[in-house]
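Subject: Structure handover

Hello,

Here is the structure you asked about. Please open it beside this email as you read.

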Amino acid sequence: MNDTLFLSGHSIELRIPTEDDMYNTNWHSWYNNMETTKYNSHGVYPVSVDQEYKIVKSIMDKEDTILCSIYDKNSSKLVGNAALQNIDLINRNCNLATTVGEKAPFTTTIEVWGLLIEHAFMRLNLHRVYDGTHQELKKLVDILSVLGVKEEGVSKDHFLRDDQYFDKINFAILKKDFLLLKQ
């Protein structure tokens, strides 16, 4: 068994990020890739392996963040990362962020969300998990609805890319809705 394993799903594992993840995979290159960062806030400034390692280490030191490496069980390959971040134990909510930088099955993001939502509600005792995404990823929000995720609204002109503004779709899931689906 892998000593960095945190959560295990059907086809993926969420592991504690390691130095090997930083230096012996494509992790840092995801944030330099224009296609991978097309619909998020990354890809503006170049990042070296050493810089990314420092970023990851600083994130791992935050008390309000759980960062995981996403591994494909079949290939044992690192395909991305995911985080519960801005964990607010007073208001009982957090943000869930994912980056899938390698070719991975369509279901990877859904499975990541499922594992981290369950952890947020059942282990951290949170009430709400939220995120937002680029308007061009509306289909992702629709797909995540199978987990009980609901669109909450739109932030107009949130992203500026290539001298054009794009909206951000805000979405979330409440613990009660997750528990209803789980039944």
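This is a predicted model: local features need pLDDT of at least 70, side-chain atom pairs count only at pLDDT 80 or more; totals for chains, interfaces and linings use all residues.

Cysteines
A search of the whole structure turned up zero disulfides. Cys68 is in none, and the nearest cysteine sulfur, that of Cys94, is 12 Å away. A disulfide needs the two sulfur atoms within 2.5 Å. At 12 Å, the sulfur of Cys94 is therefore too far from that of Cys68, its closest cysteine sulfur, for a bond. Buried here means under 20% relative accessible area. Cys68 has 1%, so it counts as buried. Cys94 has 0%, so it is buried as well.

The second largest pocket
Its volume is about 200 Å³. Which residues line the second largest pocket? They are Gly9, His10, Ile110, Glu111, Gly114, Leu115, Glu118, Leu147, Phe178, Leu181 and Lys182. Two elements give two or more residues to this lining: helix 4 (108–122) and helix 6 (175–182). Helix 4 gives the most, with five residues. By type, the lining divides into five nonpolar, three polar and three charged residues.

Helix 4
Does its length agree or disagree with what 15 residues should span? At 1.5 Å a residue, helix 4 should span 21 Å, and its end C-alpha atoms are 21 Å apart, so the two agree. An α-helix has 3.6 residues a turn, so residues three or four places apart point the same way.

Thr133
Find Thr133 in strand 6, which covers residues 128–134. Is Thr133 buried or exposed? Its relative accessibility is 8%, so Thr133 counts as buried. Leaving aside neighbours within four places in sequence, Thr133 is in contact with Val141, Phe159, Asp167, Lys168, Ile169 and Phe171.

His28
His28 lies in helix 2, residues 27–30. Pro46 is 18 residues from His28 along the chain, and their C-alpha atoms are separated by 9.4 Å.

To recap the main items: the search finds zero disulfides, and helix 4 gives five residues to the lining of the second largest pocket.

Best wishes

How values were computed: Residues are numbered from 1 along each chain as its sequence is written. Side-chain values use heavy atoms; hydrogens and water are left out. Buried means under 20% relative accessible area, exposed over 50%, partly exposed in between (1.4 Å probe, protein chains only). On a 1 Å grid over the protein atoms alone, a cavity is a set of points where a 1.4 Å probe fits but cannot get out, and a pocket is an open set with protein on both sides within 12 Å along at least five of seven lines; lining residues have an atom within 4 Å of a point. Grid points are joined across faces, edges and corners, and a volume is the space filled by probe spheres set on the points. Helices (H or I, at least four residues) and strands (E, at least two) are DSSP runs, numbered from the N terminus. Ala, Val, Leu, Ile, Met, Phe, Trp, Tyr, Cys and Pro count as nonpolar, Asp, Glu, Lys and Arg as charged, and the others, Gly among them, as polar. Contact means heavy atoms within 4.5 Å. The expected span of a helix is 1.5 Å times one less than its number of residues.
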